[in-house]
Amino acid sequence: MRAAAERLGFQAEKESILESVRRLPVLLAFPLLSAGPPATFVEHTIATDLRGGYQVVVADLNHDGKPDLIALASGMSELVWYENPGWQRHVLATSQSRMINCAVIGNEIVLASEFSNEAKNSIGLVSVLRPGPDPLQPWTATEIDRLPTSHRLRVADLFGDGHPVVVNAALTGARATAPDYRDQTPLVYYRPGEWKRRVISTENSGVVHGIFITDSNCILTASFTGIHQFCATKGGAFQRIEIAKGDPAPWPKSGSSDVAVGHLGATRFLAAIEPWHGNQVVVYTQKNSQWERDVIDDSLLDGHTIQTADFNHDGNDEIVAGFRGQPHSVYLYTYNAAAKRWARSDLDKGGMGAASCAIADLNGDGRPDVVCIDSNRLKWYENR
């Protein structure tokens, strides 16, 4: 990165840094809105026969205006989806092994498979799935890349040009080994049609478990070294900025695991699970140039997913956090402005060891719902 900045020249580097700072989540001086009545949820079980359920993705796969659900399960050879509103099961791809993530871009799906935590055992196969004349029939898979431990796939308009790309965040570097996983960890992207690997950065190190695409088309990464932001500069390079160091424990118990951006009124905050597969739900708020760390819960076991949304339309986002260990629950955190603290309630008590959750209005009633996946189950929590 430093060499790239030197090539651009001092003035270009200065403009790049200023632009990156402007695009950071900013704490604005607006009062918090009063809390509205709490949202209530009705649970619907969509599937109970998954094996190694790992990721749920919301997308309108049959183009009927209703969001469907992709249920990716690492222990299955089929990538399946469920058609809204009756949740009929269909197969997207067959003959897959150790699937770990997918992302929908246009009329195609990018799929990462052949995954292992140990890079030496992880092919990191990246494929593009394309539908035939009948989208209800299995799609055709074409290999585009092999990047060991390919782990997180997200769609982002990184350059703000209206042409989104697919971001691929590897879990570790190719030479990393347990338990320290020390190596530089690649972050790359692919342009649709070309499907050539292009490097964003190799500055992260250790395990990079979570990524989040901000509304300013930047990438937040959560890793052993904390939370970092990557934004494209005008010259096409990427500027990396440290947001927070995460859990202060020594490596490899350090840093952050998953991250999301939320709002309390006009104030942005970051919600994180820390450390890797950790026990803490953490909220970061910006004071001047520093991000203050507040652990709002430390009782999770194998925390694995975090999301934010304004479920009751009061202008304040709630936090959804799920974990895979006992008691296999999904928690909802609501901010109490008067008490200046977060209060926890149960979204699913003991019935969902969530590996992944997503937020979407699944029934078109204007209210955001929650959908989560665990080893066997896919559930929709309808916001009433």
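Helices (H or I, at least four residues) and strands (E, at least two) are DSSP runs, numbered from the N terminus. The model on screen is predicted, so local features need pLDDT of at least 70 and side-chain atom pairs count only at pLDDT 80 or more, while totals for chains, interfaces and linings use all residues. Residues are numbered from 1 along each chain as its sequence is written, and side-chain values use heavy atoms, with hydrogens and water left out.

**The whole chain**

Start with the protein chain as a cartoon. Its secondary structure comes to two helices and 28 strands. The C-alpha trace spans about 55 × 50 × 40 Å along its principal axes. The radius of gyration, taken over C-alpha atoms, is compared with a globule rule of 2.2 Å times the number of residues to the power 0.38. For 384 residues a compact globule would come near 21 Å, and the 20 Å of the protein chain agrees with that.

Next, colour by accessibility. Buried means under 20% relative accessible area, exposed over 50%, and partly exposed in between (1.4 Å probe, protein chains only). Of the 384 residues in the protein chain, 54% are buried. Accessible areas come from the Shrake-Rupley method with a 1.4 Å probe; for residues, only the protein chains shown count as cover. The protein chain exposes about 16000 Å², and 50% of this is supplied by carbon and sulfur atoms.

Contact here means heavy atoms within 4.5 Å. Among contacts in the protein chain with a separation of 6 or more, 47% are between residues 24 or more positions apart.

**The nonpolar cores**

A nonpolar core is a set of buried Ala, Val, Leu, Ile, Met, Phe, Trp, Tyr and Cys residues joined through side-chain atoms within 4.5 Å. Select Leu61, Ile70, Leu79, Leu92, Ile109, Val110 and Trp195: these have the most contacts inside the largest nonpolar core, which has 37 residues. Strand β7 (residues 108-113) gives this core its largest share, four residues. A second, separate core has 19 residues, including Ala47, Leu69, Tyr82 and Ala360.

Return to Leu79 and show its surroundings. Leaving out residues up to four places away in sequence, Leu79 touches Ile70, Ala71, Leu72, His90, Val91, Leu92, Ala93, Met99, Leu111 and Leu129.

**Pro138**

Select Pro138, in the loop between β8 (125-130) and β9 (140-146). Pro138 is partly exposed, with a relative accessible area of 41%. Which residues does Pro138 touch, not counting residues up to four places away in sequence? They are Val91, Leu92 and Thr94. For a distance across the model, pick Pro138 and Ile200, which are 62 residues apart along the chain: their C-alpha atoms are separated by 32 Å.

**Val207**

Move to Val207, in the loop between β13 (198-201) and β14 (208-213). Is Val207 buried or exposed? Val207 counts as buried because its relative accessibility is 1%. Apart from residues up to four places away in sequence, Val207 touches Leu171, Thr172, Tyr181, Ala222, Ser223, Phe224 and Trp276. Val207 and Ala222 are 15 residues apart in sequence, and 8.5 Å apart in space, C-alpha to C-alpha.

**Pro250**

From Phe224, go to Pro250: these two are 26 residues apart along the chain, with their C-alpha atoms separated by 9.5 Å. Pro250 is found in the loop between β17 (238-244) and β18 (258-264). With 64% relative accessibility, Pro250 counts as exposed.

**Cis peptide bonds**

Zoom in on Ala178 and Pro179, which are joined by a cis peptide bond with omega about 0°. Pro179 is in the loop between β11 (165-170) and β12 (187-190).

Then select Glu274 and Pro275, where a cis peptide bond has omega of about -15°. Pro275 lies in the loop between β19 (267-274) and β20 (280-287).

**Positive phi angles**

Stay in the loop between β19 and β20 and select His277. Its phi is near 50°, a positive value in a residue other than glycine. His277 is partly exposed, with a relative accessible area of 24%.

The last stop is Lys340, in the loop between β24 (330-336) and β25 (341-348). Lys340 is not a glycine, yet has a positive phi of about 55°. Its relative accessible area of 67% makes Lys340 exposed.
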